[in-house]
Amino acid sequence: MTETADVVIVGGGVIGLSIAYNLTRSGAGRVVVCERSNWLGSGSTGRCGAGVRQQWGTEMNCRLAKASIEWFERAEAELDYPDGIEFKQQGYLILAFTAQQVEQFRRNVTLQRSLGIDSHCLAPAECRDIVPYLDTTNLMGGTFCGKDGHINPFRALDAYARAATRGGADIRKGCAVTGIELEGGRVVGVVTSLGPISTPVVVNAAGPWSQVVAAMAGVELPVYSERHQILVTEPVAPAQGPMVISFYHGFYCQQTPHGSFIMGLGDAREPKGFDTGHSWTFLEEVAQTALELLPYLASARVVRQWSGLYNLTPDRQPILGPVAGVIGLYLAVGFSGHGFMLAPVTGEIIAGLITGAEVPVDVRPLNLDRFDRGALIIEPSVV
Amino acid sequence: MAEPVIVCRCEDVTLAEVRRLLAMGYTHVEELKRLLRCGMGPCGGRTCLPMLAGEVARATGKGLAEVELPSARPPGRPVSLRAIARGSSDD
């Protein structure tokens, strides 16, 4: 007899597990999470920079991020996770190097403050008050929000996994979804490497492979995946409170509670694809940028470099919600490099849409059909 | 064992911590690495990963050769950002 489930979630990263956890809380029945790797978070979650910020340039992202960070503040209690998720809530310092950025950031802060986010604009000298070793040459200003921060992504993922498991979710590692079965425009099941599962609801939370999974249901997603590289140093004494981020350089740098510095650099030359290798060019360029902005870090020693995949949409906003024409298929994809920080609210929203419960943010503008309607919501503030 | 047995010298991870997670069902070296940080320090896991693999093999009944290990990540040994920034022009 074929196994049955009420909901099958494709992808055991932080998005899939947040959805699973929220479903178990709302009595959604039998929830199965299929993770193709032999460990959870093997895709983008375990490779991400793990910064969380509310300083966004669109109302939608501000609302989603604010709800998520407020949830992260109480996550350890809610998920009953005594090991802790290492939430270092010491802010994000966003640097402006052009007059255009100063103007954009001023508009962003006005928007953020109107939504209850406590961000503000800073002069270059005020930026240096927050990060004393910041080199302010050519710096024209910045913005800061003290409620932004950094979280240990492995712990957050594990906290969700344990809570979802306690709630009855069945999380399967080494279980690759290879097909989605439809009948009359309706989801009826999935085929996996461990056997078929009959289900009326499938959630695509497959991160960088979202387009591959959607294609199994005949749905074409306007997304692509792209490598982003990152490195970590040896731990040193606490020196930097906030994340320092420069869209001008495509650079971000955070000191974790453990003491290590994590930093990354976007690369406009990066081709689309699924490569998760690493390059010397990245090391050299990120080191040069780090020393230009944060010369204090010159003696910090790099212990490891790696990379992960962004799943990018045309407007750098996620695609959330049901799919017209495929009843039972839900998307939580295309997070464009900021999925980790939006996982809490995404889980609540997708679970709410499936069970018919109230959702914290109306995400109909983020449905897949926005691309057909040409109703994009372009996020100006991404690395 | 009266005294803590250190498995990972870089991150001060003890054998007891490893065995606690193994008993909870974390039986992949990647899982142990991510939750305990062993293998993430300056040595890149040279010291701890063989021991972790041994513990995983013992806990799961697998042969040592069947235990999957994490990818090796450059730069192999710690290099300062200053030295990297000078780059190939400093050869």
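The contact between the chains draws on 23 residues of chain A and 21 residues of chain B, two residues being in contact if their C-beta atoms, placed from the backbone, lie within 7 Å. This is a predicted model, in which local features need pLDDT of at least 70 and side-chain atom pairs count only at pLDDT 80 or more, whereas totals for chains, interfaces and linings use all residues. Residues are numbered from 1 along each chain as its sequence is written, while chains are lettered from A and ligands numbered from 1 in the order in which they are written.

- On the side of chain B that touches chain A, at least two residues each come from α2 (29-36), β3 (79-80) and α4 (81-86) of chain B; helices (H or I, at least four residues) and strands (E, at least two) are DSSP runs, numbered from the N terminus.
- This side of chain B comprises 10 nonpolar, six charged and five polar residues. Here Ala, Val, Leu, Ile, Met, Phe, Trp, Tyr, Cys and Pro count as nonpolar, Asp, Glu, Lys and Arg as charged, and the others, Gly among them, as polar.
- Strand β18 (residues 301-312) of chain A runs antiparallel to β3(B), and two bridges join them; strands pair if DSSP finds at least two bridges between them.
- A:Arg301 has B:Ser80 in β3(B) as its bridge partner.

**Strand pairing within chain A**

- Six bridges connect strand β10 (residues 177-183) of chain A with strand β11 (residues 186-192) of chain A, in the antiparallel sense.
- Within this pair, A:Gly179 is placed opposite A:Val191 of β11(A).
- The hairpin of β10(A) and β11(A) has two residues between the strands, and A:Gly184 in this hairpin adopts a positive phi near 55°.
- β11(A) also pairs with strand β12 (residues 195-198) of chain A, again antiparallel, over four bridges.
- A:Val191 faces A:Pro196 of β12(A) in that pairing, and the hairpin from β11(A) to β12(A) passes through two residues.

**Backbone features of chain B**

- Most residues other than glycine have a negative phi, and most peptide bonds are trans.
- The peptide bond between B:Pro74 and B:Pro75 is cis, with omega about 5°. B:Pro75 belongs to the loop between α3 (48-60) and β3 of chain B.
- B:Asp12, though not a glycine, shows a positive phi of about 55°. This residue is in the loop between β1 (6-8) and β2 (13-14) of chain B.
- B:Asp12 counts as partly exposed because it has 14 C-beta neighbours inside 10 Å. A residue is buried if 20 or more other C-beta atoms lie within 10 Å of its own, exposed if 12 or fewer, and partly exposed in between, with C-beta atoms placed from the backbone.
- B:Arg37 is likewise not a glycine and has a positive phi of about 75°. The loop between α2 and α3 of chain B holds B:Arg37, which is buried, with 20 other C-beta atoms within 10 Å.

**Overall build of chain B**

- Chain B contains three strands and four helices, in the order β-β-α-α-α-β-α from the N terminus.
- The radius of gyration of chain B is 16 Å, whereas a compact globule of 91 residues would have one near 12 Å. This radius is taken over C-alpha atoms, and the globule rule is 2.2 Å times the number of residues to the power 0.38.
- The C-alpha trace of chain B extends about 50 × 30 × 15 Å along its principal axes.
- Buried residues make up 34% of the 91 in chain B.
- Of the contacts in chain B between residues at least 6 apart in sequence, 52% link residues at least 24 apart.

- Chain A comprises 20 strands and 10 helices. Its radius of gyration, 20 Å, is close to the 21 Å that the globule rule gives for 383 residues, so chain A is as compact as a globular protein of that length.
- Along the principal axes, the C-alpha atoms of chain A fill a box of roughly 65 × 40 × 40 Å.
- Of the 383 residues in chain A, 55% are buried.
- Among contacts in chain A with a separation of 6 or more, 74% are between residues 24 or more positions apart.
- The largest nonpolar core has 138 residues, of which A:Ile9 and A:Val203 touch the most other members. Such a core is a set of buried Ala, Val, Leu, Ile, Met, Phe, Trp, Tyr and Cys residues joined through C-beta atoms within 7 Å.
- Helix α9 (residues 339-355) of chain A contributes the most to this core, with nine residues.
- Beyond its neighbours within four places in sequence, A:Ile9 has contacts that include A:Gly16, A:Ile19, A:Val33, A:Val203 and A:Ala205.
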